[in-house]
Amino acid sequence: MASSPSLSLISVSSVNTKRLITQLNSVSLNPRPQHSAVYHHRPSNFKSSRNVISSSMSFPAQEVSTSTSSNSLLRPDELAASIFSKVMQTDRGVTLTKEEHLQVAELTGELSKYCVDSPVTCPLIFGEWDVVYCSNPTSPGGGFRSGLGRLVFKTNEMIQVVEAPDIVRNKVSFSALGFLDGEVSLKGKLIVLDEKWIKVVFESPQLKIGSLEFQFGGESEVQLEITYIDEKLRLGKGSRGSVFVFQRRKSSP
């Protein structure tokens, strides 16, 4: 990526021109000077001791990242397409590098600028959503999504259903050891905290493995900020900073 050399303009006033010229001549700024200086001296009959020296110096070109500025030029639909292109087929973000996670964060941050007012009251929130990305692998799915958990449990689907007026259902389906199907499901109550933040209080999880089904653990709760929503995409940020990307399921009305 090429960039033009920067230009620095230095102005000095209220100095004795002759003395400053002598000092500049006695100092070597560079064995091969790459700067030019133009001196402007007022006529002697001008009653002022102020003289101005303007000097322009060329500096080596600096390579500056333009990823953020280029993202700001994209339309919302282009930002959404870029987000999907980066997070799909990554096991919900597990296989992304640190640099790629930062790129996703830049894109989601830029798209959040186009969020509707009071997204928690937007009817688009309702429906079935696939969790296609999370910056923290264990935020959705807990221990099943930890490094060790992923060795035993392969995640097939991760779905969140938001039903009017205030019901949230999360489901993670998986295959254990490659042959035993199972799922973990939670039912929660959605509580609106303000125009962007919601809290969901979940009941004890239900675990199903093969023909076995039982309830374990206790209640839990999460807080989530809705940072963007449209017909196909929903962005969220957890109370600890985890970034979520949801894609509306095609089977949803």
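Some ground rules. The model is predicted, so local features need pLDDT of at least 70 and side-chain atom pairs count only at pLDDT 80 or more, while totals for chains, interfaces and linings use all residues. Residues are numbered from 1 along each chain as its sequence is written, and side-chain values use heavy atoms, with hydrogens and water left out.

I start with helix 4, residues 98-111. Helices here are DSSP runs of H or I with at least four residues, strands are E runs of at least two, and both are numbered from the N terminus. The expected span of a helix is 1.5 Å times one less than its number of residues. For the 14 residues of helix 4 that gives 20 Å, and the end C-alpha atoms are 20 Å apart, which agrees. Its buried residues are H101, V104, L107, T108, E110 and L111. Buried means under 20% relative accessible area, exposed means over 50%, and partly exposed is in between, with a 1.4 Å probe and protein chains only.

Next, the strands. Two strands pair if DSSP finds at least two bridges between them. Strand 5 (residues 153-163) pairs antiparallel with strand 4 (residues 127-134) over four bridges, and G127 stands opposite V162. Strand 5 is also joined to strand 6 (residues 167-176) by 10 bridges, again antiparallel. Strands 5 and 6 form a hairpin with three residues between them.

Strand 4 also pairs with strand 13, antiparallel, over five bridges; there Y133 has V245 as its bridge partner. V245 also stands opposite L235, a pairing that belongs with the five antiparallel bridges between strand 12 (residues 233-238) and strand 13. Strands 12 and 13 form a hairpin with four residues between them, and G241 in the turn has a positive phi of about 95 degrees. Five of the six residues of strand 13 are buried.

That brings me to the cores. A nonpolar core is a set of buried Ala, Val, Leu, Ile, Met, Phe, Trp, Tyr and Cys residues joined through side-chain atoms within 4.5 Å. Which members of the largest core touch the most others? They are I198 and F246, out of 19 residues. Strands 4, 5, 6, 8, 11 and 13 each give two or more residues to this core. A second, separate core has 17 residues, including L96, C115, L233 and V243.

Last, Q206, in strand 9 (residues 206-209). Q206 is partly exposed, because its relative accessible area is 29%. The C-alpha atoms of Q206 and G217 are separated by 9.0 Å.
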